[in-house]
Amino acid sequence: MSDCIFCKIAAKEIPSSLVYEDDVCVAFKDLEPQAPVHVLVIPKKHVESVLALTENDKALVSHILVDVIPKLAKSLGVAEKGFRVVANTGAEGGQSVKHLHFHLLGGRSMQWPPG
Ligand code: AMP
């Protein structure tokens with residue numbers, strides 16, 4: 001989508017601190033980190049949110065959650081102690097960028113409930 005900031009990051013039209021890339025997704029450091037490790041994993045394909053996912057996106061979601069995030073958690077050094085994966089969805093869910101993204105947060109003890 002032409003006016004989507006995360007599409008532009010995926011297309012390398014604007015810079016980011018990339019930590020991972022494959023054919024399906026990219027991961028980059030969050031601009032305003034909320035934990036010592038805070039990366040965003042996004043599909044290259046524009047999908048607005050969890051709510052916009054369809055049957056056709058099952059492989060994409062599975063790839064990100066099964067293949068990519070666990071490996072990233074290990075490579076970023078947070079797998080052993082634990083980490084959090086968050087997909088804020090919609091206004092009350094706190095979603096500010098309307099391109100599906102999974103926050104991977106770690107490196108400190110997380111609180112519950114979230115704010
Ligand atoms: P959310 O509020 O769940 O939609 O998360 C959006 C996240 O994207 C926030 O944590 C922002 O700090 C982050 N963000 C926005 N623009 C950029 C950018 N250009 N590069 C890296 N992270 C960004």
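## Close-up views of a predicted model

**View 1. About 30 Å³ of space lies in the largest cavity**. This is a predicted model, in which local features need pLDDT of at least 70 and side-chain atom pairs count only at pLDDT 80 or more, while totals for chains, interfaces and linings use all residues. Residues are numbered from 1 along each chain as its sequence is written, and side-chain values use heavy atoms, with hydrogens and water left out.

Rolling a probe the size of a water molecule over the atoms shows where empty space is left. On a 1 Å grid over the protein atoms alone, a cavity is a set of points where a 1.4 Å probe fits but cannot get out. Lining residues have an atom within 4 Å of a point. Grid points are joined across faces, edges and corners, and a volume is the space filled by probe spheres set on the points. The structure holds 1 cavity of 30 Å³ or more. Its lining includes Ser49, Val50, Ala87 and Asn88. Thr89, Gln95, His99, Leu100 and His101 also line the largest cavity. By class, the lining has 3 nonpolar, 6 polar and no charged residues. Here Ala, Val, Leu, Ile, Met, Phe, Trp, Tyr, Cys and Pro count as nonpolar, Asp, Glu, Lys and Arg as charged, and the others, Gly among them, as polar.

**View 2. The largest pocket holds about 770 Å³ of space**. Of its 31 lining residues, Asp30, Glu32, His38, Leu40 and His103 are the closest to the centre. Two or more lining residues come from each of helix 1 (5-10), strand 2 (25-29), strand 3 (37-43), strand 4 and strand 5 (102-106). Helix 1 gives the largest share, 3 residues. The lining divides into 14 nonpolar, 12 polar and 5 charged residues. A pocket is an open set of points with protein on both sides within 12 Å along at least five of seven lines. Helices (H or I, at least four residues) and strands (E, at least two) are DSSP runs, numbered from the N terminus.

**View 3. Glu21 and Lys44 meet in a salt bridge, 2.9 Å from N to O**. Glu21 lies in strand 1 (residues 18-21) and Lys44 in the loop between strand 3 and helix 2, so the pair ties together parts that are 23 residues apart in sequence. Side chains of opposite charge can pair when their charged atoms come close. The rule asks for a side-chain nitrogen of Lys or Arg within 4 Å of a carboxyl oxygen of Asp or Glu. By this rule the count is 4 salt bridges. Glu21 is partly exposed, at 34% relative accessibility. Lys44 is partly exposed too, at 28%. Buried means under 20% relative accessible area, exposed over 50%, and partly exposed in between (1.4 Å probe, protein chains only). A network of salt bridges links Lys12, Glu21 and Lys44.

**View 4. Asp57 forms a salt bridge with Lys45**. The closest N and O atoms are 2.4 Å apart. Both residues sit in the loop between strand 3 and helix 2, 12 residues apart. Asp57 is buried, at 3% relative accessibility, whereas Lys45 is partly exposed, at 41%. Another salt bridge joins Lys58 and Glu55, at 3.3 Å from N to O. Lys58 is exposed, at 53%. Glu55 is exposed as well, at 60%.

**View 5. Leu65, Val66, Phe83 and Val85 form a nonpolar patch on the surface**. Together they have about 310 Å² of accessible area. Areas come from the Shrake-Rupley method with a 1.4 Å probe; for residues, only the protein chains shown count as cover. Patches are made of residues with over 30% relative accessible area and no salt bridge: like charges are joined within 9 Å, nonpolar side chains (Val, Leu, Ile, Met, Phe, Trp, Tyr) within 5 Å. Helix 2 (58-75) and strand 4 (83-86) each supply at least two residues of the patch. Val66 lies in helix 2. At 54% relative accessibility, Val66 is exposed.

**View 6. Two backbone details stand at Lys12 and Pro113**. Most residues other than glycine have a negative phi, and most peptide bonds are trans. Lys12 has a positive phi, near 60°. Lys12 lies in the loop between helix 1 and strand 1. The peptide bond from Trp112 to Pro113 is cis, with omega near 5°. Pro113 lies in the segment after strand 5.

**View 7. Val26 lies in strand 2**. Val26 is buried, at 1% relative accessibility. Val26 and His99 are 73 residues apart in sequence and 12 Å apart in space, C-alpha to C-alpha.
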